[in-house]
Every structure is written in structure tokens, then in C-alpha cells.
Amino acid sequence: MTLNKEELLKSIFDSFSHLDYIRADDIPNIDLYMDQVTTFMNEHLKASKRYEQDKVLTKTMINNYAKNRLLPPPSKKKYSKEHLLVMIFIYYFKDFLSFSDIQAILSPLTLRFFQSDTGFDMEWIYREVYRLGKNELSVLQDDVQRMYEASMDAFSDAPEEDSDFLHSFAMICLLSFDVYIKKQLIEKLVDNFSQQTAEEKANKKK
């Protein structure tokens, strides 16, 4: 059964309050084998899957992350809580960033904060980012509502039989443009991040 636009928008807004974020406190404080890691991630992020058969995380993915230096190597084939936190960041980045961009972001991060004994570690970073994300939900909802209203006002002179399709197309275009602009900004930030990291390395060699 298809939903009309108002019902669809309401269902999306309702889903905002049930986003399947993994809280830091949900992650075990014991090291896990790979099978335990994939089971944990697939269970806690299953609501984010588009199709039932989709996999959140597989052994092959984990091996690729380690191979591409996105993830620090496990200790005796076990993954710590900090490993899982890094994997969660990868999970959200990988849909719109390349492996090289993710590496540019995460490599300096893990180098500085992974297994840090200063109290400023990966869990500290994750908790702060989690807090920021939760605070942005209401802003995001307002943006989507504004785009929906703008799309419904578009194509006012279109034939009645085409208006529903064109309103949906306008909404998709507005959302896509928003994603495009933000992706451009992210890539600029990543490039700047990479340049700063390279300069820091060069200064250390002097």
C-alpha cells in the first residue's frame, strides 16, 4: 500500500525519534571475536537497513577496513569497544565518502585517540558526536518540512494528472541538492584536514 505525501512525511518524522543509534553504553566493555562483532552491529543497526536482506557489517567488510587502514588491527583476533566505535563511524561515512576520504579522517583520529590513556579517547569523541547528532534532529525535521512545503507549491500550472508526480520529483531534487552541497563541503573539509595532517608530519620531521 502506498502512502500519500502527508502520511509519508509523518512516517519519516516518526522514524527520527526511533533512529537506531548505538549508544556508547550499549557496547560491551569486553573484547569480541569477529562473529560477535558482526552479530552485535547487525542487531543494533538493523533499523537502518533499506531491505531486510541487507547486511550492516560482514567479515569481508571488516577485513577490507583493516586492509585499507580505516580500522586499527585487532589484538589476538579480538576487537575492543574502541574498534566498534570506529566501525560505527565507518558505517555512517561509507555511504557518501570514499575509502581514501574516510582514511584521511579516521587515521589521524585513531593515531591520537585510539587506546589513549589520557581520558580523551575514542569513547569520549563518540559520546560528544552522538550528543551533537541528537541535538540536530529537530533542526533536520524543520528543514525537511520546509522542503516538503516548497515542493508542494512547485509546478502550480502543471496538468492535474501530473502534479503528484512532479511534486514528488521536486522534493527529491531539493533533498538531493541539499545532500550534494553538504557532500561538497565535507570533501573540502576532508581535503583541508588531509593538508593539515601532512603539514604536521612534515614539521615533525624537521
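# Questions on a predicted protein model

Analyst: In this predicted model, helices α2 and α3 are roughly perpendicular to each other.

User: What makes the term "roughly perpendicular" apply to α2 and α3?

Analyst: The axes of helix α2 (residues 34-44) and helix α3 (residues 59-67) cross at roughly 110° and come within 10 Å. The contact involves M34, D35, V37 and T38 on the α2 side, and K59, I62 and N63 on the α3 side. Here an axis is a line fitted to C-alpha atoms, for helices over the stretch in contact, and the angle between N-to-C directions runs from 0 to 180 degrees. Angles of 65 to 115 degrees count as roughly perpendicular, under 35 as roughly parallel, over 145 as roughly antiparallel, and the rest as oblique. The angle of roughly 110° lies in the perpendicular class, and α2 and α3 are therefore described in that way.

User: How do you know what counts as an element, and in which order do the elements run?

Analyst: Helices (H or I, at least four residues) and strands (E, at least two) are DSSP runs, numbered from the N terminus. By this rule the protein chain has seven helices and two strands. Their order from the N terminus on is α-β-α-α-β-α-α-α-α. The C-alpha trace spans about 65 × 40 × 30 Å along its principal axes.

User: Why is F99 called partly exposed?

Analyst: A residue is buried under 20% relative accessible area, exposed over 50%, and partly exposed in between (1.4 Å probe, protein chains only). The relative accessibility of F99 is 31%, so F99 falls in the partly exposed class. F99 belongs to helix α5 (residues 99-113).

User: Which residues does F99 touch, leaving aside those up to four places away in sequence?

Analyst: F99 touches N64, Y65, N68 and L70, where contact means heavy atoms within 4.5 Å. Between F99 and N64 there are 9.8 Å from C-alpha to C-alpha, although the two are 35 residues apart in sequence.

User: What class does F193 receive, and which residues does F193 touch?

Analyst: F193, located in helix α7, has a relative accessible area of 31% and therefore counts as partly exposed. Beyond residues up to four places away in sequence, F193 touches A104, I105 and P108. F193 and I105 are 88 residues apart in sequence, with 7.2 Å between their C-alpha atoms.

User: Why is K67 called exposed?

Analyst: K67 has a relative accessible area of 70%, so K67 is exposed. K67 is part of helix α3. From K67 to K55 the C-alpha distance is 20 Å, with 12 residues of separation in sequence.

User: What makes the phi of Q115 and the phi of F155 worth a remark?

Analyst: Most residues other than glycine have a negative phi. Q115 has a positive phi near 55°, and F155 likewise has a positive phi near 55°. Q115 sits in the loop between α5 and α6 (122-153), and at 57% relative accessible area Q115 is exposed. F155 sits in the loop between α6 and α7 (160-205), and at 37% F155 is partly exposed.

User: What share of the residues counts as buried, and what share of the exposed area comes from carbon and sulfur atoms?

Analyst: Of the 206 residues, 30% count as buried. The protein chain exposes about 14100 Å², and carbon and sulfur atoms supply 56% of this area. Among contacts with a separation of 6 or more, 66% join residues 24 or more positions apart.

User: How do you know which parts of the model and which atoms are used?

Analyst: Residues are numbered from 1 along each chain as its sequence is written. In this predicted model, local features need pLDDT of at least 70 and side-chain atom pairs pLDDT 80 or more, while totals for chains, interfaces and linings use all residues; side-chain values use heavy atoms, without hydrogens and water.

Conventions. Accessible areas come from the Shrake-Rupley method with a 1.4 Å probe; for residues, only the protein chains shown count as cover.
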